[in-house]
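User: I'm new to this one and would like a guided tour. Could you show it to me and then take my questions?

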Amino acid sequence: MDFQDLINKSQTIFALDRNSGKVIFSLDSVTVDLKRLIDSLSKVNFKINQIEAEGWNIISSKYIFHPVNITGISSDRYTLIQDDTTTVIIKTPEKLKRFFGNVKNRPLNDLVLGKFIEVSGIISPCAEEYDIKGDLNDEEIRLINSIIHANDSVAGLTGEMLSLISGMIWYPLKGWFISGKEHALVSIFGKWVIINSQIFEEILTQE
């Protein structure tokens, strides 16, 4: 994904270069506390997602998340996207909202019979109950359930902190995503899919 191209789009609200710690684009003035929070969250979250993706690809070679291209979270209004150097906040694209709604409302079997989604699943809040449609063995299911359960919690906490400090409304959260070399893992809190990463990134950035 070309972040400079993304920054130039009309939907972009904020962009931070994490290497320098400088705000490189902002529609409004950004407080020091908000800049620091976004910087800290982005650095930690991206590294954790990279570790999760690397661990996954040691266990499984079916769906390739490592190396991670981008990660992020989405609410009805805003989406935070980050790569290894840059964090951007954009207005959530309508196409992405429709994608989340489609995943949420369609049965698992219907999702995997579509063109682009390769695996779909549901998981309870405590990760004790689940159902998965797609090609995963027991070891892969245990690991991906752990990743989804952990990231659902982190995304919820991130949205709450951003709402409190930024003044932006990050609720209701729509979901989070890890988009890697070939595949993307996308969760809408209780339901998730694995999709081709190029297709997902096109959905994510289309105005």
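User: Which residues form one aromatic cluster?

Analyst: This is a predicted model, where local features need pLDDT of at least 70, side-chain atom pairs count only at pLDDT 80 or more, and totals for chains, interfaces and linings use all residues. Residues are numbered from 1 along each chain as its sequence is written, and side-chain values use heavy atoms, with hydrogens and water left out. Rings of Phe, Tyr and Trp (its six-membered ring) pair if their centres lie within 6.5 Å; planes under 30 degrees apart count as stacked, over 60 as edge-to-face and the rest as tilted. One aromatic cluster here is made up of F99, F100, F177 and F200.

User: How many aromatic pairs are there by this rule?

Analyst: One of them joins W56 and F65, a tilted pair with 5.9 Å centre to centre and 40° between the planes. F177 and F200 make another tilted pair, at 5.2 Å and 55°. By this rule, the count comes to five.

User: How many residues apart are F177 and F200?

Analyst: Helices (H or I, at least four residues) and strands (E, at least two) are DSSP runs, numbered from the N terminus. F177 sits in strand β8 (residues 173-180) and F200 in helix α6 (residues 197-205), so the pair links distant parts of the chain. Their separation is 23 residues.

User: Is F200 buried or exposed?

Analyst: Buried means under 20% relative accessible area, exposed over 50%, and partly exposed in between (1.4 Å probe, protein chains only). F200 comes in at 0%, so the word for F200 is buried.

User: And what share of the 207 residues count as buried?

Analyst: W56, at 1% relative accessible area, is one example, and F65, at 4%, also counts as buried. Taking the chain's 207 residues together, the buried share is 50%.

User: What is the radius of gyration of the chain?

Analyst: The chain has six helices and ten strands. The radius of gyration is taken over C-alpha atoms, and the globule rule is 2.2 Å times the number of residues to the power 0.38. That rule gives 17 Å for 207 residues, and the chain's value is close to it, so the chain is as compact as a globular protein of that length. The radius of gyration is 16 Å.
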